[in-house]
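Opening the notebook again. I want to look at how this one is put together and jot down what I find.

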Amino acid sequence: MVPRRVLIPILVAALLVAIALPAALPRGREIVLATTTSTEDSGLLDYLLPRFTADTGIHVRVIAVGTGQALELGRRGDADVVLTHAPAKELEFERAGHAAYRRAVMYNYFVLVGPTGDPANGTGPDVYHALRQIVRCLCPFISRGDDSGTHTKELQLWRAAGLVPEPSAWYREAGQGMGATLRIADQLRGYTLSDDGTYYTMADRLDLAVIVSHEPPLLNNYSVMPVNPSTHPDVRFAWADAFAQWLTDAAKGQAFIQSFVVGGRQVFEPNASP
Amino acid sequence: MVDELLGIAGLSLYVAASSTAIASLLGVPLGAVLALREEARGRRPTLTIAKAIVFTLYGMPPVLAGLLVYLLLSKEGPLGALALLFTPTGMILAQVLIITPIVTGVTYSAVASVGRDVKDAAKSLGAKGWTLTATVVEEARLGVLTAVMVGFGRAISEVGAVLIVGGNIRGSTRVLTTAIVLETSRGNFAVAVGLGAFLLVIAFGIFLVLWRLQERGYR
């Protein structure tokens, strides 16, 4: 029998090699897309990506996180392309030289939702009025509080309404994703700002009604940015570029975004400039 | 659907089993050596500090381990060139970091409690170094198996680290625990609970097999 002092190191080495091997082998035509939970939770990516792969042979690995984390993944070169919805943060990302370019892809609207019956009496076309009404009644408002695109939008709306909410009994920061935040709002009979895709996907399980939607201040713009290969030489720019081009191509990605419906509703409106 | 579920469960098993195997290969000898050193040389401050470190790492939040491994494997990190981020191998690395201290600590306790007479008998028969360690570990096998099982239990139920390092990528790094997080956040509680039940059934099967092997070992 082989002595243990020989056997054990051999076993360790064999195991390490077996585990490391799959990662060391060259990967196929594959890119990492860092995006927001809303694009994945709505089902859009499940609809688009198989079509993209069929067209180009490029596989896309999706990391669905908040916009803050998605941009950080791009900033570190851990993602090859980002698809996000926080224009101010994206411009900052672009100014810092992390983006090869930035292109509009699609938009939809955020929705301000609240408990059925609307205790704050904010229902109507004016989102700023609705926010002031919520403050007036000190009704619970659940903020994402996670640096996501939706959170960024929410803070802009408060600022534009001339209000500065601080964490308190009525203003609470969930620090969680959209689905979790909607459920907290539901349980606490509170208000929250949501992307409409996630809200409508979950609406039948929530006791929350639309307070304001489809108004210009609630526009939700999504952009795609391949990570800049001159600052991050390791990124797979050619394929990331192919993805961004495909997504903004009127006959391809844009047409599929147009035809993507959930429960009979079109979720995103394509708006890439030709 | 079933294919996807089996893929997710298979990856859970692969990641947990691999990390437990590596952590055991590191932690069992380490725990045994720690216990034998203490016995041979008495309570030295260096050993006490080593023990305190091992048990402190018990309390390492998995999310922190995940973040550290993320920074290590990130393109800008020291091991970025290996391209292990968002791969099962990266997830295994993070879990090894989390469960090695656990395996080490439990092994230490098991070996320390093996009777002096066993150790003396082994020594009088000429056993020293790794042979002595191997003999004592064999004598403490019930405790060592417990160490491995506790490690496996922690690995297969862990979510914070594999979420950050793996990225919960569908068809690639999604495991049962991260799928539960995703389905919970989507409000699909029934699916989430179903996945959890599936995970528990798998763990039950594994532990059943391990205990059978253990009992057979005692004849």
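**Chain A and its domains**

I started with chain A, where the domain assignment gives domain 1 (27–107 + 220–270) and domain 2 (108–218). Such bounds come from an automatic or database domain assignment. Residues are numbered from 1 along each chain as its sequence is written, and chains are lettered from A and ligands numbered from 1 in the order in which they are written.

Taken over C-alpha atoms, the centres of domain 1 and domain 2 of chain A are 26 Å apart. I then looked up where the two meet: 21 residues of domain 1 of chain A are in contact with 16 residues of domain 2 of chain A. Contact here is when the C-beta atoms of two residues, placed from the backbone, lie within 7 Å. On the domain 1 side, α2 (37–41), α4 (67–75) and α5 (87–95) of chain A each give two or more residues. The largest share, three residues, is from α2(A). Helices are DSSP runs (H or I, at least four residues), as are strands (E, at least two), and they are numbered from the N terminus.

I sorted that domain 1 side by class and got six nonpolar, 11 polar and four charged residues. For the classes, Ala, Val, Leu, Ile, Met, Phe, Trp, Tyr, Cys and Pro count as nonpolar, Asp, Glu, Lys and Arg as charged, and the others, Gly among them, as polar.

I checked pLDDT, the predictor's confidence in each residue, from 0 to 100. Chain A has a mean of 89, with 90% of its residues at 70 or more. Which element of chain A has the lowest mean pLDDT? It's helix α1 (residues 4–24) of chain A at 58, while helix α10 (residues 237–247) of chain A has the highest, 97. Reminder: where pLDDT is low, the predicted coordinates should not be read in detail.

Chain B also averages 89, and 99% of its residues score at least 70. For the complex, the predictor gives an ipTM of 0.74 and a pTM of 0.80.

**Chain B meets chain A**

I found 23 residues of chain B in contact with 24 residues of chain A. On the chain B side, α1 (2–41), α4 and α6 (129–139) each give two or more residues. The largest share, four residues, comes from α1(B). By class, the chain B side has 11 nonpolar, eight polar and four charged residues.

**Helices of chain B**

Chain B has 10 helices and zero strands. Its C-alpha trace spans about 60 × 45 × 25 Å along its principal axes.

I followed α4(B) through its partners. The axes of helix α2 (residues 45–58) and helix α4 (residues 88–112) of chain B come within 8 Å and cross at roughly 130°. That makes α2(B) oblique to α4(B). Axes are lines fitted to C-alpha atoms, for helices over the stretch in contact, and angles run from 0 to 180 degrees between N-to-C directions. Angles under 35 degrees count as roughly parallel, over 145 as roughly antiparallel, 65 to 115 as roughly perpendicular and the rest as oblique. On α2(B), Val54(B), Phe55(B), Leu57(B) and Tyr58(B) make the contact, and on α4(B) it's Pro101(B), Ile102(B), Thr104(B) and Gly105(B). I counted six nonpolar, two polar and no charged residues there.

Next came helix α3 (residues 62–73) of chain B, which packs on α4(B) at about 135°, the axes 9 Å apart. α3(B) is therefore oblique to α4(B). Their contact has eight nonpolar, two polar and no charged residues.

Last, α4(B) and helix α7 (residues 141–157) of chain B pack at about 155° with axes 8 Å apart, so α4(B) and α7(B) are roughly antiparallel to each other. The residues in this contact are 11 nonpolar, six polar and one charged.

Methods
Predicted model: local features only at pLDDT ≥ 70, side-chain atom pairs only at ≥ 80, totals over all residues.
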